[in-house]
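This report concerns the strands and sheets of one protein model. Please view the sequence and the structure together.

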Amino acid sequence: MIRAINFDDFKKLQKLKTPGSFHIKKLGANSGWDFWYYCPCGCGQLGVLTVGLTKPTRLLCWEWNGSYSEPTLDPFVSHGDHWFGWLHNGYWNAV
Ligand SMILES: [Zn+2]
């Protein structure tokens, strides 16, 4: 398991590239958030998911529990073609 660490400062996130770290950015009204994260595997790739607080209503949208310290996303995350797993209660768990 990899701890998911929140960075309020997007520039700092991009400087450190800590595996599993993330930054959440509010989109427009009723448009959800962008969830930026570094791949938990340590490859240094940045990914982004569109998340919302309710059940996804369109493709490429994840349900987020609203927590910055212990985030959970549903459904599972597929990063590129090499990392698959769940972000659950602040930890990345590969499957
Ligand atoms: Zn990776």
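The sections below treat the basis of the model and then each sheet in turn.

## Basis of the report

The model is predicted, and local features need pLDDT of at least 70, side-chain atom pairs count only at pLDDT 80 or more, and totals for chains, interfaces and linings use all residues. Residues are numbered from 1 along each chain as its sequence is written, and side-chain values use heavy atoms, with hydrogens and water left out.

Strands are DSSP runs (E, at least two residues), numbered from the N terminus. Two strands pair if DSSP finds at least two bridges between them.

## The antiparallel sheet

An open sheet of 4 strands has the order β1-β9-β8-β7, with antiparallel pairing. Its edge strands, β1 (2-3) and β7 (77-79), each pair on one side only. β1 is joined to β9 (residues 91-94) by 2 bridges, and R3 has Y91 as its bridge partner in β9.

β7 and β8 (residues 83-88) share 3 bridges, and V77 stands opposite G85.

## The mixed sheet

Another open sheet holds 5 strands in the order β2-β3-β4-β5-β6, and its pairing is mixed. β2 (22-26) and β6 (73-74) stand at the edges with a single partner strand each, so one side of each is left without a neighbour in the sheet.

β3 (residues 33-38) and β4 (residues 46-52) are antiparallel and joined over 6 bridges. W36 has V48 as its bridge partner in β4.
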